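Hi everyone, thanks for coming. I'd like to walk you through one structure today, so let me put it up on the screen.

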Amino acid sequence: MTILVESEEHKALREAVASFAHHHAHTPGTDNRPFWREAAKLGYIGVNLPEAYGGGGGGISELSLVLEEMGAAGNPLLMMIVSPAICGTVIARFGTEAQKRAWLPALADGSRLMAFGITEPDAGSNSHRITTTARRDPGTGDWLLTGRKVFVSGVDIADATLVVGRTEDARTGRLKPCLFIVPRDTPGFERRKIDMELNAAEKQFELTLDDVRLPADALVGDEDAGLLQLFAGLNPERVMTAAFAIGMGRYALARAVEYARERTVWDAPIGAHQAIAHPLAQAHIDLELARLMTQKAAHLYDTGDDTGAGEAANMAKYAAAEACVKAVDQAVHTLGGNGLTREFGLASLITAARVSRIAPVSREMILNYVSHQTLGLPKSY
């Protein structure tokens, strides 16, 4: 299979999703759950999940394609990055049979959502400093989870949150990462909405876990393989974030191109002037290059090359974020004052595009990764 030229199946999927998304208008900041449910009915939300559990049997390649086309139509679904891509992937790869039966069919048909909690106030990009800890209750075998998380998307609409905690290794005494499914209404599991400037349907939350008691089967996978399981979810997250950014950039670029064709000043459309046309052409090139790396990363992940996927996913996320920010900026600039009005819907993308440079990992940490892991330079942290 080549990733340079899309298969006929992928082309058909793009066309179908694009048509669907363009016919479902969405106003930024409003409830997009009806759109989510309609997309789920068509099999788009769970396209990456196993057929045996109600999914489409595809991979991150197909899911990222779906998200990109939704974004290009102005209808991106942020929770696709979290629920089917991160949580669904982790459970499908490492969950028990009972966890798979309980969650995968519902994640695939859109009837249930799962959030993902990893970032902490004092850890930032350093996941090794996570202080949310889990300990066993020797009397019952239950887990007791204590800690804090920030910038967790969609907790209020999710049925559970996949929380990254740490348990103590009995042999070394060191803490190791582990993943726990925490239902939304679990006693001691509190949330506080963070007041964001970002105008998105999915809200951000701070979570507090105060000796949250969880049954033994809340642990996902093997207690001793937490790091492997964690990155099994983080690589798809980076690929999906890249797809989200590319879709946003394509949407902004399309609005700018349409405007540049029609807006006439000095007896010619402004798009006839190279000062307008060339930056838009450059934005298109950057987005296409980022898409190629995103497709490569998704392909490597779907074929089981976790190491190769890690490098490519980081590069794809970096390239897509940069291309998105530049495309949005140029689109707003092309429209001039109109680019800042609600009528054209571009101004809100300035903030949204900037997020793609920050989350889920900053561009500086990606450059650290590439300089150290790829180029073999000394580690700086």
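Predicted model: local features only at pLDDT ≥ 70, side-chain atom pairs only at ≥ 80, totals over all residues.

Residues are numbered from 1 along each chain as its sequence is written, and side-chain values use heavy atoms, with hydrogens and water left out.

Back to S153, which lies in strand β3, residues 143-153. Helices (H or I, at least four residues) and strands (E, at least two) are DSSP runs, numbered from the N terminus. S153 counts as buried because its relative accessibility is 13%. Buried means under 20% relative accessible area, exposed over 50%, and partly exposed in between, with a 1.4 Å probe and protein chains only.

F151 is also in strand β3. It has a positive phi of about 55° although it is not a glycine. D211, in strand β7, has a positive phi too, about 50°, and is not a glycine either. Why mention that? Most residues other than glycine have a negative phi, and most peptide bonds are trans. You'll find P360 in the loop between α9 (347-358) and α10 (363-374).

Now for charges. Side chains of opposite charge can pair when their charged atoms come close. How many salt bridges does a search of the whole structure find? It finds 21, where a salt bridge is a side-chain nitrogen of Lys or Arg within 4 Å of a carboxyl oxygen of Asp or Glu.

One of them joins E69 and R250, at 2.8 Å from N to O. This pair links distant parts of the chain, with E69 in helix α3 (residues 60-72) and R250 in helix α6 (residues 226-262), 181 residues apart. Is E69 buried or exposed? It is buried, with a relative accessible area of 5%, whereas R250 is partly exposed at 23%. Both belong to a network of salt bridges that also includes E6, R14, E68, E288 and R291.

Next, please find helix α4, residues 79-94. Its 16 residues should span 22 Å at 1.5 Å a residue, and the end C-alpha atoms are 21 Å apart, which agrees; the expected span is 1.5 Å times one less than the number of residues. Where does α4 bend? At G88, by about 35°, that being the angle between axes fitted to the seven residues ending there and the seven starting there.

Let's finish on the surface. L4, V5, I285, L289 and L292 form a nonpolar patch there, with about 490 Å² of accessible area together. Patches are made of residues with over 30% relative accessible area and no salt bridge: like charges are joined within 9 Å, nonpolar side chains (Val, Leu, Ile, Met, Phe, Trp, Tyr) within 5 Å. Accessible areas come from the Shrake-Rupley method with a 1.4 Å probe, and for residues only the protein chains shown count as cover. L289, in helix α7 (residues 274-302), counts as exposed at 51% relative accessibility.
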